[in-house]
Amino acid sequence: MEQGTLANSGQRLEVTVAGDEGSRRLDRVLAKLLPELSRSRLKALILAGQVAVKGAAIRDPAYHAAPGETITIDVPAAAPAEPAGEDIALGIVHEDDDIVVIDKPKGLVVHPAAGHETGTLVNALIAHCGTSLSGIGGVRRPGIVHRLDKDTTGLMVVAKNDRAHASLTAQFADHGRTGEMRRGYLAFVWGVPNRVRGTVEAPIDRHSHAREKMAVREGGREAVTHWEVQETFNGRDGKPVAALLACRLETGRTHQIRVHLAHIGHPLMGDAVYGPHFKTKASHLGPRSRAALAALDRQALHAYLLALEHPQTGAILEWISDLPDDLIILRDSLRAAL
């Protein structure tokens, strides 16, 4: 069967539990026997009563599936795409039957949310991909496995079918600990670290008071960011004022780089959320650099590197994205200390 078709067309499937399954938990057994369907989709089918053993619906994903049992799965046709597709230009750097890699511009929200119901990357991908998308979660839509903030630019990968979605989700969860997944960012920060490279290991959770923000908090989720100084910049007085860091993520928490760099005293230039107290440092810049920073009007962060294992072929793929024009202007003005 052509990849992606299973999740799209309504049909009844039958599978038999082998005697050597490592786990008897129903959703895990089905995920192994039906890799075309993501585990989240299978769990939704179980909870909806679409999975049966001996004619009786099983609604518990933790049901113990015995060896030799035959399980029937009714896979309904995927519903029409939600939200609607919109004709929005996409900077596509790679596309095949399984994945789309884009170079996201600033100002593009990834997923519809309150205040951004339209004009998002998801709207654009639905229009671009059309019926090639599978029914991830029961609805035709692209499989978003990671996000970039609205004003962070750079590389993102999106799954076009359930198999790809499951593979990419696992790779992003692993973040290169055992596999080939790598994500690299270029960050312009205030101040110059006192060493060439370092690692921030600090748990991240919602801010205790400002719920729209994240913060380093005891008991939060594990978060690890590796950084290395690429370049340093002096202000108009000849003293170090800023630096360009290359960052690599070992985890993928919301706003992770922004929170971690602010935590070590080097917030991103232009970051109004995590670096507002550093606005006065702009007085140390020359007029050209101050103008470039003001025109930037966003955090100076770019996802320049993405490497992963292709979910179908297993080939290791890597993409590099050049700095966008606004960050090139900022960099060049900082280099000139003007």
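Me: Which residues in α2 meet which in α3?
Reply: In this predicted model, L26, D27, R28, L30 and A31 of α2 meet R39, L42 and I46 of α3.

Me: What is the make-up of that contact by class?
Reply: The contact of α2 with α3 has 5 nonpolar and 3 charged residues, with no polar ones.

Me: At what angle do α2 and α3 pack, and how far apart are their axes?
Reply: Helix α2, residues 26-33, packs against helix α3, residues 39-47, at an angle of about 130°, and the axes are 9 Å apart. That angle makes α2 oblique to α3.

Me: Is the crossing of α2 and α3 left-handed or right-handed?
Reply: The crossing of α2 and α3 is right-handed.

Me: Moving on to α7 and α8, at what angle do their axes cross?
Reply: The axes of α7 (residues 287-296) and α8 (residues 325-336) cross at roughly 160° and come within 8 Å. Because angles over 145 degrees count as roughly antiparallel, α7 is roughly antiparallel to α8.

Me: And which hand does the crossing of α7 and α8 have?
Reply: Helix α7 passes α8 in a left-handed crossing.

Me: Which residues make the contact?
Reply: From α7, the contact is made by R288, S289, A292, L293 and L296. From α8, the contributors are D326, L327, I329, L330, D332, S333, L334 and A336. By class, the contact of α7 with α8 comprises 8 nonpolar, 2 polar and 3 charged residues.

Me: How do the lining residues of the largest pocket divide by class?
Reply: The lining of the largest pocket divides into 16 nonpolar, 11 polar and 13 charged residues.

Me: What about the second largest pocket, what is its volume?
Reply: The second largest pocket has a volume of about 300 Å³. It is lined by 18 residues, and those nearest its centre are G270, D271, A272, K279 and L293.

Me: Which element gives the most to the lining of the second largest pocket?
Reply: Helix α7 gives the most, with 3 residues. L293, one of the residues nearest the centre of this pocket, is also part of the contact of α7 with α8.

Me: And the classes in the lining of the second largest pocket, how many of each?
Reply: There are 9 nonpolar, 3 polar and 6 charged residues in that lining.

Me: How many cavities of 30 Å³ or more does the structure hold?
Reply: The structure holds 1 cavity of 30 Å³ or more. About 40 Å³ of space lies in the largest cavity.

Me: Which residues line the largest cavity?
Reply: The lining is made up of H146, L148, L155, R183, Y185, A303, L305 and L306. Strands β9 and β15 (301-309) are the elements that give two or more residues to this lining, and β15 has the largest share with 3 residues. L148 in this lining is also among the residues closest to the centre of the largest pocket.

Me: How does the lining of the largest cavity divide by class?
Reply: The lining of the largest cavity has 6 nonpolar, 1 polar and 1 charged residues.

How values were computed: Residues are numbered from 1 along each chain as its sequence is written. This is a predicted model: local features need pLDDT of at least 70, side-chain atom pairs count only at pLDDT 80 or more; totals for chains, interfaces and linings use all residues. Side-chain values use heavy atoms; hydrogens and water are left out. Axes are lines fitted to C-alpha atoms, for helices over the stretch in contact, and angles run from 0 to 180 degrees between N-to-C directions. Helices (H or I, at least four residues) and strands (E, at least two) are DSSP runs, numbered from the N terminus. Angles under 35 degrees count as roughly parallel, over 145 as roughly antiparallel, 65 to 115 as roughly perpendicular and the rest as oblique. A crossing is left-handed if the near helix is turned anticlockwise from the far one by less than a right angle, and right-handed if clockwise. Contact means heavy atoms within 4.5 Å. Ala, Val, Leu, Ile, Met, Phe, Trp, Tyr, Cys and Pro count as nonpolar, Asp, Glu, Lys and Arg as charged, and the others, Gly among them, as polar. On a 1 Å grid over the protein atoms alone, a cavity is a set of points where a 1.4 Å probe fits but cannot get out, and a pocket is an open set with protein on both sides within 12 Å along at least five of seven lines; lining residues have an atom within 4 Å of a point. Grid points are joined across faces, edges and corners, and a volume is the space filled by probe spheres set on the points.
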